[in-house]
Amino acid sequence: MCGIFGYVGSRNNAGQLVVKGLKNLEYRGYDSWGVACKVGDAVLVEKDIGKISAVNESEFAHDCGMAISHTRWATHGGVTAMNAHPHLNEAGTIAVVHNGIIENFQSLRNELKEKGYTFKSETDTEVIPYIIEEEMKTTPDFASAVRKACAKFDGRYGILAFHTESNTLVATRTGSPLIVGVGEDGYFIASDIPAFMEHTKTVQYLDDGEMLVTDGKSILFTDLETGEEHPKREIEITWSVEEAQKGEYAHFMLKEIMEQKDSIARAVNQDDDQIKVIADAIKNAQGTFLVGSGTAHKACMAAEYFFSVIAKHHVNVTSGGEFKVHHHFLKPESLMIVVSQSGETADTLEAMKVAKSKGAKVLAIVNAEGSTIDREADYTLLINAGPERAVASTKALTGQMAVLMMIAHAMNDKLHEGKTLLLNTVSSINDMLNPRYIDFLEEVAQEIQHHEDLYIIGKSWNYPIALESAIKIQEVSYIHAEGFAASELKHGPIALIEEGTPCIALLGNDEVTPDIISNTIELKARGAQTIAIAPENNEAFDTWIKVPDVGVAQAIVNVIPIQVLAYFLAVKRGKDPDMPRNLAKSVTVK
Ligand code: M6R
C-alpha cells in the first residue's frame with residue numbers, strides 16, 4: 001500500500017519527473033498525494049487529497065535536482081491533506097515519505113511530545129522526521145542519523161528521506177518494497193518499476209534490513225543495522241512501457257481481462273524439467289501447504305481440487321493471514337507453495353517467513369519478477385502475465401491456476417497432456433472473447449446492475465471460482481456479492497433469496513453438473529433470477545452465458561465471463577474499476 005517515488009541526479013526538473021512517475025504508482029493508493037522538492041537549501045511541499053492523476057506536472061517546474069513523492073492508502077489517520085505525505089520536522093529541514101506502519105509510533109509520539117514536539121497529523125509517519133531530528137543532535141551526518149532513527153522503529157516499512165543541507169537521498173527498508181532505477185543521469189527510487197520505466201530498465205533491489213544513500217552520481221547499499229556495505233547486482237527488466245499502459249482500452253481491468261488470450265499461454269510456457277522437479281518435490285514433501293491471499297488464495301483453493309482430481313494428492317490450503325496458527329504442522333521436510341501476483345503481500349510473506357523459520361522449502365508462483373517473494377523463495381515459477389495494474393486481479397489468477405494445474409498433471413506423469421489441454425483452453429478463450437460475447441455480457445450487466453445483492457454458486461473447482469467471483473464483483477461494483485458451495489445453499493443461504501435476486505451458477509460438463517442444476521432449480525423455485533455460466537443450456541437457466549467445455553480446466557474458463565461482468569457492473573454503476581474505494585493493488589500491510 002502507498003506508492004513512493006524519488007529522484008536525485010543531474011536533471012533539474014525532479015518535481016515534474018516524480019509527479020509524472022507517481023501517476024504510474026497510483027494503483028498502490030489513491031486517497032491523497034504529496035511531493036517535496038529540494039530547491040536550493042529549502043524544501044517546497046505540495047500535498048492534497050484526491051488522485052495524483054488529476055494533478056498537472058507543469059505546476060512542479062522548480063529548478064530542482066532532488067524530489068520525493070507519495071500516493072497514499074490511509075492506515076493511520078483519515079484522508080486529509082495534513083495526513084498526506086511528505087511529512088517534515090518542525091524546522092522544515094527533513095522531508096520523509098513512508099510506506100508501511102511504524103507499529104510503536106504511539107509510544108514514540110508520547111516521548112516526543114514530552115520533549116516539546118507538536119504534531120500536525122494523525123499519522124504514524126510524522127514521528128520519523130522528528131526522531132531523525134533528535135538523532136541529528138548527536139549524529140549530525142544525515143544518513144547516520146536515519147540509520148539510528150530506524151533502530152527505534154518497529155514494524156514493516158519503506159522510507160525515503162532527504163535533508164535540505166545534504167545532497168543525498170536516503171532510503172531504508174524493512175518490509176515495504178523499494179526498487180532503484182539506475183539512470184545515466186541519476187537514480188530513481190520507487191515502490192515499483194512502472195514509476196521510472198520510461199527512464200531506465202536497469203534496476204537494483206533494496207532488500208529488507210538495508211539502507212541506501214545516493215547523491216545521484218553513485219549509490220551505496222549497506223546493512224541498516226551494522227552499516228556494512230552490501231554489493232548489488234544490476235538487473236535488466238523485460239517489461240515494455242506499452243505493456244504497462246492502457247492502450248486502446250478505457251480501463252486497465254478490461255485490458256488485462258482481454259490479455260488472457262495470451263497471458264495463460266505464457267504461464268504454460270514453463271520448462272518441463274523444472275515442472276517435473278517441482279512435481280516430485282510435492283510428492284516427496286511431508287506436507288504441502290498452498291498459501292495465498294485474496295484472489296491468489298482462490299487460485300490455491302482451485303488447485304486443491306486439481307491436485308485431488310488430477311494428481312490424487314492431498315495439499316493443505318490456507319490464506320496468508322491465517323497461516324501462522326498452523327505452523328505446528330510444518331517440518332523441514334514440508335513444502336510451502338506461495339502464490340502471489342505482486343510478490344509483496346504482507347500476509348503471504350509472513351506465512352512464507354514462518355515456513356522458512358521452520359526449515360521448510362518454499363516454492364513461489366509469482367507474477368512480479370524481482371519481488372520480495374520471488375527473491376526470498378527457494379524456487380520461483382514466474383507466470384509471466386505482464387504488469388497487472390488494475391486493483392482487481394484477473395490475468396494473474398488464470399496464470400496461477402494454469403501453472404498449478406500443469407504441476408498437478410506432471411505429478412500424474414501427464415505433463416504433456418496437461419500442457420496440451422491448457423493450450424487448447426487458451427485457444428477456446430481466444431474464440432470466446434469476441435466482441436459479440438463482450439456485448440452480451442454488457443447486456444447482462446445492464447440488466448442486473450441495480451440489484452444490491454447477488455449470489456454465486458459452484459461445486460468442485462467451481463466453488464473457489466464462486467468465491468473469487470464474489471470478490472471480483474464486490475471490489476469493483478460494490479454490490480453485495482457472496483459465493484457459496486452450491487450444496488451449502490440449503491443449509492442456510494437460501495433464506496436470502498427473494499423474488500428476482502440474481503444468482504449465478506457456475507457449471508462444467510462433469511459428474512457434479514446434475515447436482516448444481518438441481519441447486520439452480522431450487523433457487524429458481526424461490527424466485528431467483530438464474531444466470532448460468534455453463535457449456536450447455538438448461539431450462540433452469542433464465543440467462544445462459546455459454547463457455548467452451550474444457551474439462552478439468554473449466555475453472556480457468558468460467559472465471560473470465562465473471563471478470564467481464566464485474567467490470568461492466570462497475571462501469572454501469574459509475575465506479576472506477578481500476579481504483580476501487582478503500583483498496584490498493586499491493587497489500588503490504590498486515
Ligand atoms: O499480489 P497478491 O496476489 O499477493 O495479492 C493478493 C490479494 O491482495 C489480491 O488478490 C486481492 O484480493 C485482489 N484485489 C483481488 O482482485
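A polar contact is a pair of N or O atoms within 3.5 Å; within protein, one atom must be able to donate a hydrogen and the other to accept it, and residues adjacent in sequence count only if both atoms are side-chain atoms. This is a predicted model, in which local features need pLDDT of at least 70 and side-chain atom pairs count only at pLDDT 80 or more, while totals for chains, interfaces and linings use all residues. Residues are numbered from 1 along each chain as its sequence is written, and side-chain values use heavy atoms, with hydrogens and water left out.

Q: What is the length of the polar contact that joins the side chains of Glu-236 and Thr-202?
A: Glu-236 belongs to strand S14, residues 235–236, where strands (E, at least two residues) and helices (H or I, at least four) are DSSP runs numbered from the N terminus. Apart from neighbours within four places in sequence, Glu-236 is in contact (heavy atoms within 4.5 Å) with Lys-201 and Thr-202. The side chains of Glu-236 and Thr-202 are joined by a polar contact of 2.7 Å.

Q: Is Glu-236 buried or exposed?
A: The terms rest on relative accessible area with a 1.4 Å probe and protein chains only: buried means under 20%, exposed over 50%, and partly exposed in between. Because the relative accessible area of Glu-236 is 52%, this residue counts as exposed.

Q: How many residues surround the ligand?
A: A residue is near a molecule if one of its heavy atoms lies within 4 Å of it. The closest residues to the ligand are Ser-340, Gln-341, Ser-342, Thr-345 and Glu-475. The shell divides into four nonpolar, eight polar and two charged residues, where Ala, Val, Leu, Ile, Met, Phe, Trp, Tyr, Cys and Pro count as nonpolar, Asp, Glu, Lys and Arg as charged, and the others, Gly among them, as polar. The number of residues that surround the ligand is 14.

Q: What percentage of the area that the ligand exposes when taken alone does the protein bury?
A: An oxygen atom of the ligand lies 2.6 Å from an N or O atom in the side chain of Ser-340, and a ligand oxygen is also 2.4 Å from such an atom in the side chain of Glu-475. Accessible areas come from the Shrake-Rupley method with a 1.4 Å probe; for residues, only the protein chains shown count as cover. Taken alone the ligand exposes 410 Å², and the part of this that the protein buries is 91%.

Q: Which residue does a cis peptide bond join to Pro-86?
A: Pro-86 lies in the loop between strand S4 (66–72) and strand S5 (87–88). The cis peptide bond has an omega of about 0°, and the residue that it joins to Pro-86 is His-85.
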